[in-house]
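I opened the model to look up a few things and keep notes. My entries follow the order in which I looked.

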Amino acid sequence: MKTRVTEMLGIRYPIVQGGMQWVGTAELASAVSNAGGLGILTALTQPTPKDLAREIERCRSMTDQPFGVNLTILPTVKPPPYAEYMQVVIDSGIKVLETAGSSPKEFIDPLKRRGIRLIHKCTSVRHALSAERAGVDIVSIDGFECAGHPGEDDVGGLVLIPVAAQALRIPVIASGGIADGRGLAAALALGAEGVNMGTRFCATVEAPIHPEIKRALVGATERDTNLIFRTLHNTGRVLKNAVSDEVLSTERRPGGCEFKDIQPLVSGQRGRAALQSGEIDAGLVWAGQVVGLIKDVPTCADLLARIVAECREALTGASRMAQPSA
Ligand code: NAD
């Protein structure tokens, strides 16, 4: 497949595995890249910048295809040394950086000087336009369906993607709500030149997640996510479980709550324990509404081959339906 995204990133298919805390390790990123997409290592999953440098080397030993690094800048319990992680990306020879959350403005010049392609993930067209003005190469626009932090505007992909594609000169990657070839076909029809998937890649053989959690994703429906942190203006979409239900009831208490009241429930370390132990109620499990579309746990190679075939079939079928009648 050929779009500006495949050309700029040097990949066969316009399919990007988005950054995911605790999941974006060398095992998954290399599998996605070997399958023809762009795998992405999540910088903050590594405890220190030095560990990120080692993980990049480990990933290089597992694939000769391009892969990227994600650096997310959002509220955290203990702010990490973002500039040091960024320096590792610059020094390591990585060619693609995905940023999310706060604007990557201050890092753009040094990244450009090293020829690093910058994908900025954001949830509104106004932030996408500001990222374009600041010099990012590609915007990944995240619809309200997405896992993680969908922003506070609540605009779904069916509107957000074409509005973004129309407003921006740089290529758009559609993110949120995509798990199969029909989603890729729809994204291309809406003006995007690629897709970003997160939750779908969690339910793959190579994702470093306990099989019980993968089973829970396969069993979940599109109604099985909770929107937490709404009252703190840092909305997060996670899988419905005992922990996210408890966060919601705490937020709904008369008088609301402060972050410190729910911090012990939501800490990233607890979420990591859930993913590793398979104990679904051990912490937050981040997932988007696409869980309703996920029915199996394939390898990344099988998944990408299937998505590309389904996409071609969906576009051919739609094109047939759109033919003028004789
Ligand atoms: P953490 O343990 O520091 O925080 C857990 C959650 O609480 C995160 O979602 C964080 O945004 C939120 N949070 C922290 N402090 C907050 C505050 N003062 N007010 C409101 N919300 C607050 O983080 P972690 O789980 O170890 O994750 C590390 C980084 O990865 C963070 O930047 C986090 O936001 C990001 N992350 C992103 C996604 C995503 O889907 N985009 C998912 C999980 C984590």
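**Entry: Cys311**

Which residues does Cys311 touch, not counting residues up to four places away in sequence? I find Met1, Gly181, Leu184, Ala185 and Leu188. This is a predicted model, and I read every contact here as such. Cys311 sits in helix α14, residues 300-321. I looked up its accessibility next. Cys311 is buried, because its relative accessible area is 1%, and the cut-off for buried is under 20%. I also checked one pair by C-alpha atoms.

**Entry: the nonpolar cores**

The largest nonpolar core has 78 residues. Which of them touch the most other members? They are Ile15, Val69, Leu97, Val139 and Phe201. I took Ile15 and set aside its neighbours within four places in sequence. Ile15 is then in contact with Gly37, Leu38, Leu184, Val195, Met197, Phe201, Leu304, Ile307 and Val308.

**Entry: helix α10**

I moved on to α10, residues 211-219. Which of its residues are buried? Ile213, Lys214 and Leu217 are. Seen down the axis of α10, these buried residues fall within an arc of 100°, so they line one face of the helix. I noted that one of the three is a lysine, Lys214. Arg215 and Gly219 are exposed, on the other side of α10. What covers the buried residues? The cover includes α9 (199-202), β10 and α13 (268-277).

The side chains of Arg215 and Glu212 meet at 2.8 Å, N to O. Both residues lie in α10, 3 residues apart, which is about one turn of the helix. The general rule is that an α-helix has 3.6 residues a turn, so residues three or four places apart point the same way. I compared the two accessibilities. Arg215 counts as exposed because its relative accessible area is 52%, and the cut-off for exposed is over 50%. Glu212 has a relative accessible area of 36% and is partly exposed.

**Entry: salt bridges at Arg230**

I searched the whole structure for salt bridges and got 19. I followed Arg230. Its salt bridge with Glu152 has its closest N and O atoms 3.8 Å apart. Arg230 lies in the loop between β9 (225-228) and β10 (236-239), and Glu152 in the loop between β6 (138-142) and α7, so the pair ties together parts that are 78 residues apart in sequence. Arg230 also meets Asp154 in a salt bridge, at 2.7 Å, N to O. This pair, too, links distant parts of the chain, with Arg230 in the loop between β9 and β10 and Asp154 in the loop between β6 and α7, 76 residues apart.

Glu152 is partly exposed, at 36%. Asp154 is partly exposed, at 36%.

I noted one network elsewhere. Salt bridges link Arg253, Glu258, Lys260 and Asp261.

**Entry: positive phi**

I checked backbone angles in these loops. Most residues other than glycine have a negative phi. Asp154 has a positive phi, near 60°, and is not a glycine. Phe229 has a positive phi of about 60° and is not a glycine either. Where is Phe229? It is in the loop between β9 and β10. Phe229 is buried, with a relative accessible area of 6%, whereas Asp154 is partly exposed.

**Entry: a surface patch**

Last, I looked for nonpolar side chains on the surface. Val155, Leu158, Val159 and Val163 form a nonpolar patch there. Together they have about 340 Å² of accessible area. Leu158 lies in helix α7, residues 157-167. Leu158 counts as exposed because its relative accessibility is 67%.

How values were computed: Residues numbered from 1 in each chain as written. Predicted model: local features only at pLDDT ≥ 70, side-chain atom pairs only at ≥ 80, totals over all residues. Heavy atoms only, no water. Patch = residues over 30% accessible without salt bridge, like charges linked within 9 Å, V, L, I, M, F, W, Y side chains within 5 Å. Areas by Shrake-Rupley, 256 points an atom, 1.4 Å probe, with all protein chains shown as cover. Salt bridge = Lys/Arg side-chain N within 4 Å of Asp/Glu carboxyl O. Helix = DSSP H or I, 4+ residues; strand = E, 2+ residues; numbered from the N terminus. Buried < 20%, exposed > 50% of the residue type's maximum accessible area, 1.4 Å probe, protein only. Arc of directions from axis to C-beta. Contact = heavy atoms within 4.5 Å. Core = buried A, V, L, I, M, F, W, Y, C linked by side-chain atoms within 4.5 Å.
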